[in-house]
Structures are given as structure tokens and as C-alpha cells.
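Have a look at the model first.

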Amino acid sequence: MVNESNGAIPAPQELETFISPDEKNKEKIVSKYNMTKDAESGDFDPFTERKLDTPTSNMDTLTHLLKASLGTGILAMPKAFKAAGLINGILFTVIVAVVCTHCSYILVKCAHVLYKKTKKTQMSFAEVGEAALDNGPQPLRKWANAFRIFIVISLFITYFGTCSVYTVIIARNILQIIQFYCGDIINERFLIIILLVPLILMAWIRNLKYLAPVSMIANLFMAVGLGITLYYLVGTGQLQYDKIKDMLFKHPSEWPEFFSLTIFAMEAIGVVMPLENSMKTPRAMLGICGVLNKGMSGVTLVYILLGFLGYLRFGEEVQDSITLSLGDAIPAQIVKLSIAIAVYCTFGLQFFVCIDIMWNGIKDKFTKRPELADYIMRTIMVTVCVSIAAAVPQISPLMGVIGAFCFSILGLIAPAMIEVITYWEPGVGPGKYLIWKNILVVIFGTFSLVFGTKDAILAILKDF
């Protein structure tokens, strides 16, 4: 997940920090999206008018999409498969991938239409939502600003909750290493509190330029951790073929946990607009063989592979994060340490989203000493984030709440609404198929929202 913004929040800058100067001269137009007749009218072409200092090529964008989508959520995929079964796990992962990718796709598609209507060349997720209502049916226009604020607040809650999950993942992996060598000398909640100081120091890095190398270190350690994990799944131990009959399918009452975890892991709605805003050829994001479909297809295969093998290897004993199931051998210790370092290095970049949103909301009140106010704000925000993690030191339920509640609204329901509103005047297709299609998406999102959130909250309450 990466930065998403509202108005002045510089979402594309975060992505630009990953791009080296020698990557800027490669591009290939994969596909073009033909906008509606309404959108193509007039002389304004948002894509030729868009001026970028460091535009990204299609390959750059694909790389960033993979970086953003293959995050810590992948570590919970074996636990998700445990809730659905091996067969349903594969089927449901494909369904979630199709729905999530489609919603990201229609968000970009609607943005391309609204660029023409608003005479803008770039928009954030929140601005797309606001523009859709501003240019939609008359009764909805008064809600445009409220919808933008709702999206911004939802993004803040989503990323803030994600950072709490990161804190628990760091602590849980470090704790297992400490317990192996030193025994039960420290409590998990106390260890989370100890992490407060290093996390504050990470959050004090104010310039994204300095966070980019830290993110690269995170990618390196994550690759090491996942590589050794895959070796553990297929190169050591015994896959539980003798129990496979009981692992193929699970009772429908367990399915909501699968959907909430998988949506958390796979949802990319927060990254698509910053990525599209930085592209040299924005139309190439769309199309059957476009950047978005290519990237999410590869991500889906990796998620299925790790989820299937992880559950088949550890069965009902698989833990919230696959790294916690690997045992105590030296390679397993390396995995846990690598994942802990990777997640710690990613924390600052993820938390930057929350900081940016909060600072843009309060900076006008602190004009005398803005730098001091900024540091105090960052310290308080990290303290609250760590406090939540200490209060609820559970990975899977926290992921479930964020995936079911936040990403269901942001990633599924909101884009479906935006598409219907954007195409209301040009036309919603033969038989009003756009409406019926998006009703199905909203039903799917509501199912995940209600049942996934309920199950995740009940799981959290069991810890108290």
C-alpha cells in the first residue's frame, strides 16, 4: 500500500522516490482505453496536457504496483486458506482478485472521464470521488465535498490501522527469537511498548527522499524472508497429504475470515491513482493486457501459491503470520528477523500517509513553530498507534477488521458508486448493466463488511 491523498497531499511524490533516473527512458503503450463520447468531446486532452518532471514508464509502474501489492498481507494467506479450505481458497482468491482489480480498474476509468469534464490532468482518489458527485445527478452534487472528506478519513483510518498491524508483526517475530534464546523474559505487550521509541524515530523522517532507500532495504529483507519461507514450505518437512481430505473445504461460517484477510492482503485501491498520476502513458494502465491487469494477475498467483502451500504444510496449526509457524531453526530465525526488519523499514512510508493527511488538516493552526508542531504531532500519532497494537496484539483479527471494514468500503463499495454516478448522464449501458453489475459488487462488499468485521471483532474480544 502507498500514499493516497486529498488535494494538497502529494501522493505521487512517494512513488517518484522509488524511481532512478535511468528508468525514465523506457515505455511501451500496452493498451488504450476508449473513453465515452461525452468524455472525448472538446479539445482538452488531459494526457498531452499533463506535465511531469519524472514520468514513469509502463514497466516502472508495473514494478511499483507489485511492490505495493506484495506487502505484509501475504504472510496471512495460509491462515486465510485455513478458513476456506484448499479448493475454496483457490477459487475465492481468484474471485477476490477479480473484484478488487475490477474496482481499481473502474476507478482509473472514471478518472479518465472526469479529467475531461473538470479540465484536470491529475486527481487523487478523494478528488475522483468529489468530481464524480460534482458532475453527477443534481441531487448528489451537494454531497461532493462530504464524499471527499469521507474518503480521506477512511484512508487515514485504513493506513493507521495497518501501521498498528505492522507493529504487532514486528513484535511477534522478535518475541519468538527472544523466547528461543532467553526464554519468557518479556511480555508481548511490553515488547510492543519498547518499539515505541524506534518507531517514533522512523516517523520523524520528514522527507520522502530519505525514506526511499529505507523502503528499498525493506524490499530486500522481505525478499529474503519470503524466499526462505517458500523453501521451508516445499523443501523441508512433510506436506500433510494424509489430512488433505479434511483440508479441501471448510464450513461457510469460516468464510468471512478468508474474505477479510484476503481483501486486506490484495486490495490495491490506495495505490492506483498515485501510480496513474505519475505515468507517462496513463491509458496503458487500462486494457485487457494493461499494467493493472498484468500486475494483479502476477500478485494473485503468488498469493495462491503461498496460501495453498502454507496451509498444506502446517495444516490447522498454521499461525496468523506464516513466519511464526516455521519453528526455531537458524533459517527460521533469519526469516523472522528479516520480516521484522522489513516491516519496520516499511512503517515510515506507510505512516507517512497518515501524517500527511493529519498535518494538512491542522497545519494552519500552527504557523508560529510549524516544525515543532509537526514533530509533536508525529510523536503523538505513533504513540496512539503503538497503544492500539499493545491493546490488541493480534495480527489476523486486526487485518480482518481493516480488510473487512476499511477496504470493503474504500476498495469495493466506493468505486462501484463512483462508476454509476460518473456514467449516469452518458448512459449506464444496455439494460442498465452498469447498475446491476455494481449492485453485485456492493453486495459482495457489504457481505465482507458486515460478516468479516463481526468475526474479526469477536476474535479480538476473546483476548480480553
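## A loop, some charge pairs and a pocket

Lys119 sits in the loop between helix H6 (86-118) and helix H7 (125-134); helices here are DSSP runs (H or I, at least four residues), with strands being E runs of at least two, numbered from the N terminus. This is a predicted model, so local features need pLDDT of at least 70 and side-chain atom pairs count only at pLDDT 80 or more, while totals for chains, interfaces and linings use all residues. Residues are numbered from 1 along each chain as its sequence is written, and side-chain values use heavy atoms, leaving out hydrogens and water.

Most residues other than glycine have a negative phi. Lys119 is also exposed, with a relative accessible area of 52% (exposed means over 50%, buried under 20%, partly exposed in between, with a 1.4 Å probe and protein chains only).

Now for the charges. How many salt bridges does a search of the whole structure find? There are 10, each being a side-chain nitrogen of Lys or Arg within 4 Å of a carboxyl oxygen of Asp or Glu. Among them are these:

| Pair | N to O distance |
|---|---|
| Glu276 and Arg50 | 3.2 Å |
| Glu419 and Lys109 | 2.7 Å |
| Arg148 and Glu130 | 3.6 Å |

Arg148 lies in helix H8 (residues 144-182) and Glu130 in helix H7, so this pair ties together parts 18 residues apart in sequence. Arg148 is buried at 16% relative accessibility. Elsewhere, salt bridges with shared partners join Lys79, Glu257 and Asp320 into one network.

The Glu419 and Lys109 bridge links distant parts of the chain, helix H18 and helix H6, 310 residues apart. Glu419 is buried at 0% relative accessibility, and Lys109 is buried too, at 13%. As for Glu276 and Arg50, Glu276 is buried at 0% relative accessible area and Arg50 at 7%.

Finally, the second largest pocket holds about 340 Å³ of space. Of its 16 lining residues, Glu257, Asp455, Ala456, Ala459 and Lys462 are the closest to its centre. Helix H13 (255-266), helix H18 (395-422) and helix H19 (433-461) each give two or more residues to the lining, and H19 gives the most, with 5.

A pocket is an open set of points on a 1 Å grid over the protein atoms alone where a 1.4 Å probe fits, with protein on both sides within 12 Å along at least five of seven lines; lining residues have an atom within 4 Å of a point. Points are joined across faces, edges and corners, and the volume is the space filled by probe spheres set on them.
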